[in-house]
Amino acid sequence: MIIKDDLIELIKPYIKDYECYLTGCYIREYLLNKNSSDRDITVKTDKLENLAKKIADNLNASFVILDKENEIYRVVFNKEEYIDFAKLENNSLEDDTDRRD
């Protein structure tokens, strides 16, 4: 499934070299033809904080640490537009999803 989203398109140049997955309720809302500003991207990297900071800095957005221990960061573009970045756990999307649910 390919989802077109302006904010995701905006960050693509920064995440193109990483294994990334759009996860969370955004997918459910998309399938139900509802709008959602809650974008979660799971990324396979050991340098997620650096990646999220780079995106924020280059796109004039704010960087927020949501959970340092579990490596979850938010890039805020405005009041209603943000993306949460989380590190892929155990190198498996299935394991990572089980951890969240």
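## Helices lying across the sheet

In this predicted model, helix α1 (residues 6-15) lies across strands β1, β2, β4 and β5, and the helix runs at about 40 degrees to β5. Helix α3 (residues 48-58) lies across β2, β3, β4 and β5, running at about 5 degrees to β4. Such angles run from 0 to 180 degrees between N-to-C directions, the axes being lines fitted to C-alpha atoms and, for helices, fitted over the stretch in contact. Contact here means heavy atoms within 4.5 Å.

Helices (H or I, at least four residues) and strands (E, at least two) are DSSP runs, numbered from the N terminus. The protein has four helices and five strands, and along the sequence they follow the pattern α-β-α-β-α-β-β-β-α.

## The sheet

The five strands form an open sheet with mixed pairing, in the order β1-β2-β5-β4-β3. Its edge strands are β1 (19-23) and β3 (62-67), each of which pairs on one side only, and the twist from one strand to the next averages 25 degrees. Two strands count as paired if DSSP finds at least two bridges between them.

Strands β4 (residues 72-78) and β5 (residues 81-87) run antiparallel and are joined by six bridges. Tyr73 stands opposite Phe85 in β5.

## Arg39 in strand β2

Arg39 lies in strand β2 (residues 38-44) and is buried, with a relative accessible area of 5%. Buried means under 20% relative accessible area, with a 1.4 Å probe and protein chains only. The side chains of Arg39 and Glu81 are joined by a polar contact of 3.1 Å, a term for a pair of N or O atoms within 3.5 Å in which, within protein, one must be able to donate a hydrogen and the other to accept it, while residues adjacent in sequence count only if both atoms are side-chain atoms.

Apart from its neighbours within four places in sequence, Arg39 is in contact with several residues, among them Asp5, Leu7, Leu22, Tyr26 and Ile83.

## The protein as a whole

Of the 101 residues in the protein, 35% are buried. Among contacts with a separation of 6 or more, 48% are between residues 24 or more positions apart.

Residues are numbered from 1 along each chain as its sequence is written, and side-chain values use heavy atoms, with hydrogens and water left out. Since the model is predicted, local features need pLDDT of at least 70 and side-chain atom pairs count only at pLDDT 80 or more, whereas totals for chains, interfaces and linings use all residues.

Definitions and conventions: Buried < 20%, exposed > 50% of the residue type's maximum accessible area, 1.4 Å probe, protein only.
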